[in-house]
Amino acid sequence: MSFKLSPRIAEILKIGGDFVGISRDDALLLMHLDLHSKAVYALMETANRMSRLQFANKGEKHLHIGLNVEPCPKNCRFCSLTRTAGIFNEKYEFSEDAIVHWARQGEALGADGINLMTTGTYAFQRLLEIGRLLSSTVSVPLVANTRDISHAEGEALLDAGFKGFYHAVRLGEGIDTPFPVQRRIQTIQVLRDVGLLWMNCVEPVGPEHRPEEIVDLMLLARRNGAAYSGVMRRINFPGSPMEKHGMISELEMARMVSVSRLVMGDIPRAHCTHEPNSVALMAGANLFFPEVGSSPRDGCPDTGKGRGRTMEACAAMLTEMDWDPERPSNCFAPGLPPSSEKP
């Protein structure tokens, strides 16, 4: 059985496959491909081939540790950790013993990074204390995931042992959240100025988001040199104000992961998806986030006992899809991965 791509799609995939990035118009054209078309599978194959070459078949596992639970007053509409969600009514911080246990366990199971997430009002000095504690306890690189920061706070994170900072201009920013888009972008500049790696994802994607706004965030990641990017779909917790919109499927997310991979070209050190799923590993993703502690997608205080996937489960899924979770991480080494040199 023969199949031939349209000349325009074939040209876009050729350009993308050469690691030079693709234009906004080209990315939008790919976003509108029929989800069950052969062209979409050609797109996914291109993205998969790019990641396996550039990342030397490395499967990344970055352990998420949510440090605290609270009814956060910032009230982002997609987050379960908010006052308006009504799921959590008291503040709670996980103990240092629990955090150290999770970090040591993650290190023993081959975590490539540890992402420390806080709610919007978590004390910044306390985050620094936890960073210093873990820096003296484990050798796994630390990534902060907290509120917008200043240059002085960025320098303080570096001094506390952090190597990177997860930060996203979220879909619906300023509408579903109280944060101005420009303030989020300022933090990206802070990260570049002080030398923290910028870790990113296009998120939280729902059916109501237009392809244009999704692609614009992919291009933002490329322009600003994200160490990794990718796509995360919105998970609707029970009672979420976003439930009326529904959720996108894992297959639709995989198509977006592929488009993002072509947009990013030779920029990233890894390409992520969340929550962990096999189909995205055939579409350019190679980075998963096992989770413990709090999560904005869960009604369970410790997502390790709820929605969160374990380190073992993520490693098994990567291995099943022929990604090697035992290889050294590409994300924190100086410069680009050696395999990023194109033939």
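His274 is buried, with a relative accessible area of 3%. This is a predicted model, and in it His274 sits in strand β10. The peptide bond that runs from His274 to Glu275 is cis, with omega near 0 degrees.

**Around His274**

- Leaving aside residues up to four places away in sequence, His274 touches Val231, Met232, Arg233, Met253, Phe289, Glu291 and Arg297.
- Pro268 is found in the loop between α9 (250-264) and β10 (270-274).
- Pro268 is buried, with a relative accessible area of 0%.
- Met199 is 69 residues from Pro268 along the chain, and the C-alpha atoms of the two are separated by 9.6 Å.

**Another cis bond, and positive phi values**

- Most residues other than glycine have a negative phi, and most peptide bonds are trans.
- The bond from Glu203 to Pro204 is cis, with omega near -15 degrees.
- Pro204 belongs to strand β8.
- Ala56 is not a glycine, yet its phi is positive, near 55 degrees.
- You can find Ala56 in the loop between α3 (38-54) and β1, and at 24% relative accessibility it counts as partly exposed.
- Asp322 also has a positive phi without being a glycine, in this case about 65 degrees.
- The location of Asp322 is the segment after α10, and Asp322 is exposed, with a relative accessible area of 55%.

**Helix α3**

- There are 17 residues in α3, and the helix reaches 24 Å from its first C-alpha to its last, close to the 24 Å expected at 1.5 Å a residue.
- Buried residues of α3 include Ala39, Val40, Leu43, Met44, Ala47, Met50 and Ser51.
- The packing partners of the buried residues of α3 are α1 (7-17), α2 (24-31), α9 and β10.
- Just after α3 comes Ala56, with its positive phi of about 55 degrees.

**Helix α4**

- Helix α4 covers residues 96-108, which makes 13 residues, and its span of 18 Å from first C-alpha to last is close to the 18 Å expected at 1.5 Å a residue.
- Which residues of α4 are buried? They are Ile99, Val100, Trp102, Ala103 and Gly106.
- Seen down the axis of α4, these buried residues fall within an arc of 160 degrees, so they line one face of the helix.
- An α-helix has 3.6 residues a turn, so residues three or four places apart point the same way.
- Asp97, Arg104 and Ala108 are exposed on the other side of α4.
- The buried residues of α4 pack against β1 (60-66), β4, α5 (124-135), β12 (291-293) and α10 (311-320).
- Gly110 follows α4 and has a positive phi, near 90 degrees.

**The cavities**

- How many cavities of 30 Å³ or more are there? The count comes to two.
- The largest cavity has a volume of about 680 Å³.
- Its lining is made up of 35 residues, and nearest its centre are Met117, Asn145, Arg170, Glu203 and Pro296.
- Sorted by class, the lining of the largest cavity has 15 nonpolar, 11 polar and nine charged residues.
- Strands β4 (113-117) and β8 (202-205) each supply at least two residues of that lining.
- Glu203 links two topics here, as one of the residues nearest the centre of the largest cavity and as a partner in the cis bond to Pro204.
- The second largest cavity holds about 40 Å³ of space.
- Val169, Trp198, Asn200, Cys201, Val202, Leu217, Leu220 and Ala221 line the second largest cavity.
- Helix α8 (residues 211-223) gives the most to the lining of the second largest cavity, with three residues.

Terms used. Residues numbered from 1 in each chain as written. Predicted model: local features only at pLDDT ≥ 70, side-chain atom pairs only at ≥ 80, totals over all residues. Heavy atoms only, no water. 1 Å grid on protein atoms, 1.4 Å probe; cavity = no way out; pocket = protein on both sides within 12 Å on 5 of 7 lines; lining within 4 Å. Points joined across faces, edges and corners; volume = space filled by probe spheres on them. Helix = DSSP H or I, 4+ residues; strand = E, 2+ residues; numbered from the N terminus. Nonpolar A, V, L, I, M, F, W, Y, C, P; charged D, E, K, R; others polar. Expected span 1.5 Å × (residues − 1). Buried < 20%, exposed > 50% of the residue type's maximum accessible area, 1.4 Å probe, protein only. Arc of directions from axis to C-beta. Contact = heavy atoms within 4.5 Å.
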